[in-house]
Amino acid sequence: MNIGILAHVDAGKTSLTERLLYTAGVIDRIGSVDRGDTQTDSHELERQRGITIRSAVVSFTVGDVKVNLIDTPGHPDFISEVERALSVLDGVVLVVSAVEGVQAQTRLLMRTLVKMRMPVILFVNKIDRMGARCDDLLESIRTELTPAIVPMTRVDGLGTPQAHAIARTIGPEDPDFTAELADVLAEHGDEFLARYLDDEAALTERDYTDELARQTRQAQLYPVFFGSAVAGVGITDLVDGITRLFPVNDGHSDDTLSGTVFKIERGWAGEKVAFVRLRTGALGPRSKVSVFRRDQHGGVVELPGRTTVVEVFDQGSAVVEAQARAGDIAKVWGLKGIRIGDRLGTGDGLDGEHLFAPPSLETVIRPARSGAMPELYDALLQLADQDPFINVRKDDEKQEISVSLYGEVQKEVIAATLADDYKLDVVFEGTRIICVERPVGVGEWVEEIDYRSRTFFWATVGLRVEPGAPGSGVVFRRSVELGSLPHAFHKAIEEAVRATLQQGLNGWEVLDILVTLTHSGFASPVSAAGDFRKLTPLVLMNALKQAGTQVFEPVNRFELEVPAENASAALLNLVECGATPESTRGQGSTCLVEGTIPARTVQEFEQRLPGLSQGEGALLTRFHSYRPATGPAPSRRRTDTNPLDRKEYMLRAFGRI
């Protein structure tokens with residue numbers, strides 16, 4: 001069984017992982033986040049900051065069930081780590097603090113889990129803390145997360161050091177719980193409802209528990225357990241619920257190999273180590289394996305590979321060399337070009353829809369030491385193996401490197417990682433939003449072979465650009481006959497189109513555009529694919545200039561929690577930052593505000609928030625959509641260059657300048 005623990009930051013996620021390992025007998029001393037000696041926060045930076053930055057895998061056994069547990073980051077700047085972990089899980093324990101209750105990140109995670117139809121158990125942590133809540137928290141979970149919950153334990157001594165959880169039982173000993181459970185099960189199970197109405201007394205405890213497990217595994221119902229990870233309260237009931245209610249893999253290895261790469265690390269010699277979740281089949285050392293991924297056009301490509309070492313998790317974070325079977329999480333050496341998201345054995349299920357939006361911020365990063373740009377670029381490429389969403393980009397013309405970000409904390413972590421692991425001190429420029437461009441009209445351009453005089457390229461290319469459907473990205477099609485050019489020339493044109501549109505007239509990626517090849521020609525035997533690859537950008541950019549583009553800026557949805565007495569000041573500042581509050585509602589002494597805000601002003605509001613809320617405010621933002629940028633169009637092109645200068649372009653293509 002592969003499970004994940006998810007939570008809003010500081011809800012007790014890592015502490016729960018430690019307690020589960022201790023309860024299972026894997027460790028004889030519980031680590032502390034404050035002391036920096038937990039099993040999963042093994043990186044020095046995680047120990048220093050007291051937060052989880054990278055997903056970590058640990059293992060323990062309960063009875064005859066082996067449980068691989070993935071501890072994920074709680075901070076929203078590292079949401080991409082959560083997405084990769086979710087793709088390989090059988091179930092999730094979502095931790096909610098009994099004191100802070102349902103928080104912004106909790107809502108985002110639960111919405112995602114419901115969308116995935118992921119089995120979820122909710123664990124209400126910190127019941128021994130002053131201010132802990134029970135009944136009103138359950139009501140908050142019903143209204144803000146999901147109404148389909150069933151509390152499996154109750155609490156005595158709530159909010160005191162003596163707090164403890166008591167398991168609720170099915171049968172005459174606890175008729176109220178039996179009736180409550182029957183109502184919830186009947187609401188989601190027609191067969192159970194029919195049996196209940198036919199003869200309620202004939203239903204056994206096994207009937208109830210089997211139906212509860214079925215509905216939990218199908219993400220129709222979400223059990224809730226109470227406890228305290230630090231004090232060890234309620235953990236036995238939680239573990240029992242995990243092993244009884246979540247789906248279990250049979251471990252059969254007879255089927256065809258199918259596995260997903262969800263994490264990449266670097267070994268002591270700099271080699272890639274892939275973390276693979278096996279769905280079916282088996283994988284051992286020195287095995288030939290097919291690696292499947294999508295190419296830049298969306299097609300599936302198959303690459304050969306061979307493993308050298310395969311390890312599976314045994315007890316805690318320890319690993320042993322063994323053949324990995326269906327359901328296992330394995331560490332695999334030898335697959336040199338492996339990437340996150342690759343599939344082993346089969347290409348089925350490649351690259352589904354992203355669960356969370358990509359980063360909407362970027363920054364330029366420079367080495368503090370002169371001449372260290374190549375070292376920095378290589379180091380960032382290695383970091384991109386671990387987190388592809390940072391999207392490292394190198395601009396040779398400007399001599400700068402930029403990376404994408406979710407937030408300022410991620411920037412600090414990148415800087416610390418480069419300093420600690422690569423001995424590179426770096427300087428960041430200011431963070432800016434990542435905009436996109438969309439065409440506003442139709443434009444055409446043709447460049448033909450000129451046989452009467454010396455020609456720059458032995459190629460004829462004509463392109464038409466026009467607005468595409470919203471959300472369509474880049475669509476390339478041909479109005480010329482496919483046989484009018486050799487296949488390699490067609491491929492060169494399409495590849496050049498997609499590469500060129502990474503930077504439009506204002507330097508931003510061009511999306512929602514339809515590009516049509518209208519003219520083509522070549523001169524045999526002198527024409528080569530390189531002629532088409534070099535000429536296409538000139539034709540495309542001139543067509544794009546005719547069409548014109550509009551810059552769109554990202555807009556985020558936000559959820560803001562502030563003390564009720566600070567709500568008016570917070571709303572005023574939101575409006576000053578260009579936000580549009582859409583709903584405001586009170587939750588006890590707290591006010592929850594939801595709406596939209598331009599991504600460019602999020603950081604400004606975050607800096608204001610502590611002073612507005614006496615340090616008690618919490619803001620969660622996520623990408624929502626793009627809207628036309630107001631004022632002068634934001635640009636990331638140098639103002640002293642013209643990308644459409646034909647003579648300069650030709651000379652550059654020939655390497656003259």
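Modeller: Happy to! Let's start with helix α3, where Ile 79, Ser 80, Glu 81, Val 82, Glu 83, Arg 84, Ala 85 and Leu 86 are buried. Buried means under 20% relative accessible area, exposed over 50% and partly exposed in between, using a 1.4 Å probe and protein chains only. This is a predicted model, in which local features need pLDDT of at least 70 and side-chain atom pairs count only at pLDDT 80 or more, while totals for chains, interfaces and linings use all residues. Residues are numbered from 1 along each chain as its sequence is written, and side-chain values use heavy atoms, with hydrogens and water left out.

Back to the helix: 8 of the 8 residues of α3 (residues 79-86) are buried, so the rest of the structure largely encloses it. Helices (H or I, at least four residues) and strands (E, at least two) are DSSP runs, numbered from the N terminus. The cover over the buried residues of α3 includes the strands β1 (2-7), β3 (65-71), β4 (91-97) and β10 (258-266), along with the helices α4 (104-116) and α10. Contact here means heavy atoms within 4.5 Å.

β1, β3 and β4 sit in an open sheet of 7 strands with mixed pairing, in the order β2-β3-β1-β4-β5-β9-β6. Two strands pair if DSSP finds at least two bridges between them. β2 (56-62) and β6 (149-151) are the edge strands with a single partner each, so one side of each has no neighbour in the sheet. From one strand to the next, the twist averages 25 degrees. Further along, β5 (residues 120-125) and β9 (residues 222-226) pair in the parallel sense over 3 bridges, and Phe 123 has Phe 225 in β9 as its bridge partner. Helix α1 (residues 13-23) lies across β1, β2, β3, β4 and β5, at about 145 degrees to β1. For such angles, axes are lines fitted to C-alpha atoms, for helices over the stretch in contact, and the values run from 0 to 180 degrees between N-to-C directions.

β26 pairs with β27 (residues 460-467) in the antiparallel sense over 5 bridges, and Glu 444 has Arg 464 in β27 as its bridge partner.

Rings of Phe, Tyr and Trp (its six-membered ring) pair if their centres lie within 6.5 Å; planes under 30 degrees apart count as stacked, over 60 as edge-to-face and the rest as tilted. Phe 192 and Tyr 196 make a stacked pair, 6.3 Å centre to centre with 20 degrees between the planes. Both lie in helix α7 (residues 190-198), 4 residues apart, about one turn of the helix, and both are buried.

Helix α10, one of the elements covering α3, brings us to another pair. The ring centres of Phe 389 and Tyr 406 are 6.4 Å apart with the planes at 45 degrees, so this pair is tilted. Phe 389 is in the loop between α10 (373-386) and β21 (393-395) and Tyr 406 in the loop between β22 (400-405) and α11 (408-422), so the pair ties together parts 17 residues apart in sequence. Phe 389 and Tyr 406 are both buried.

Charges meet rings too: Lys 263 lies over the face of Phe 275, 4.9 Å from the ring centre, and the charged end of Arg 438 sits over the ring of Phe 552, 4.5 Å from its centre. The rule asks for NZ of Lys or CZ of Arg within 6 Å of the ring centre and within 35 degrees of the ring normal.
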